[in-house]
Amino acid sequence: MTSEQEALLKFSKEFCDELSHDDEGLKREILAHVGNRWSLGVLHILGTGGALRYGEIRRNLTGATQRMLTRTLRHLERDGLISRCDYQEKLPRVVYAITDMGKEMLLQMLPLWSWIITSTHNFRVARAKYDGN
């Protein structure tokens with residue numbers, strides 16, 4: 001292991017310790033968006049498709065129940081990652097859009113996604129080895 005990698009692991013420990021000291025768990029809750037397929041799905045759909053209505057998001061988010069999507073949208077809006085615009089029209093029209101903070105989060109995920117994609121073979125080999133034992 002290089003000294004640079006050791007320094008990054010030390011930073012990682014300090015970073016995780018800081019997450020543990022957060023009394024209200026805000027940082028952990030935000031970090032949970034990163035591991036939540038629905039949150040990332042919504043951010044990706046809005047980040048690549050622009051502002052959309054609920055039904056349009058639901059059609060693009062395969063497998064999400066109405067309850068799960070509603071809950072996800074509320075959590076993302078509460079944390080400032082998406083915005084909700086209710087046009088207060090006679091026929092209800094509500095549009096969701098990704099915020100600058102949501103775009104930043106989505107962009108920060110790209111290196112991780114890239115690593116996952118390029119490591120797929122290694123994951124398959126490891127699983128086959130484990131499952132074979």
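## Helix α5: length

Helix α5 has 13 residues, which at 1.5 Å a residue should span 18 Å. The model is a predicted one.

Four residues of α5 are named here as buried: Leu69, Thr72, Leu73 and Leu76. They cover an arc of only 100° around the axis, so they sit on the same side of α5. The other side of α5 carries Arg67, Arg74 and Arg78, which are exposed.

What do the buried residues of α5 pack against? Their partners are the helices α2 (26-34), α3 and α4 (54-60), together with the strands β2 (82-86) and β3. Just after α5 comes glycine 80, with a positive phi of about 80°.

## The largest nonpolar core

The largest nonpolar core holds 19 residues. Val42, Leu43, Leu46 and Ile57 have the most contacts inside this core. Two or more residues each come from α3 (37-49), α5 (66-78), β3 (94-98) and α6 (100-118). Helix α3 gives the largest share, five residues.

In soluble globular proteins, nonpolar side chains tend to be buried together.

## Isoleucine 57

Which residues does isoleucine 57 touch, leaving aside those up to four places away in sequence? The contacts are Val42, Ile45, Leu46, Leu52, Leu69, Leu73 and Tyr96. Among them, Leu69 and Leu73 are also buried residues of α5. Val42 and Leu46 are, like Ile57, among the residues with the most contacts inside the core.

Notes: Residues numbered from 1 in each chain as written. Predicted model: local features only at pLDDT ≥ 70, side-chain atom pairs only at ≥ 80, totals over all residues. Heavy atoms only, no water. Core = buried A, V, L, I, M, F, W, Y, C linked by side-chain atoms within 4.5 Å. Buried < 20%, exposed > 50% of the residue type's maximum accessible area, 1.4 Å probe, protein only. Contact = heavy atoms within 4.5 Å. Expected span 1.5 Å × (residues − 1). Arc of directions from axis to C-beta.
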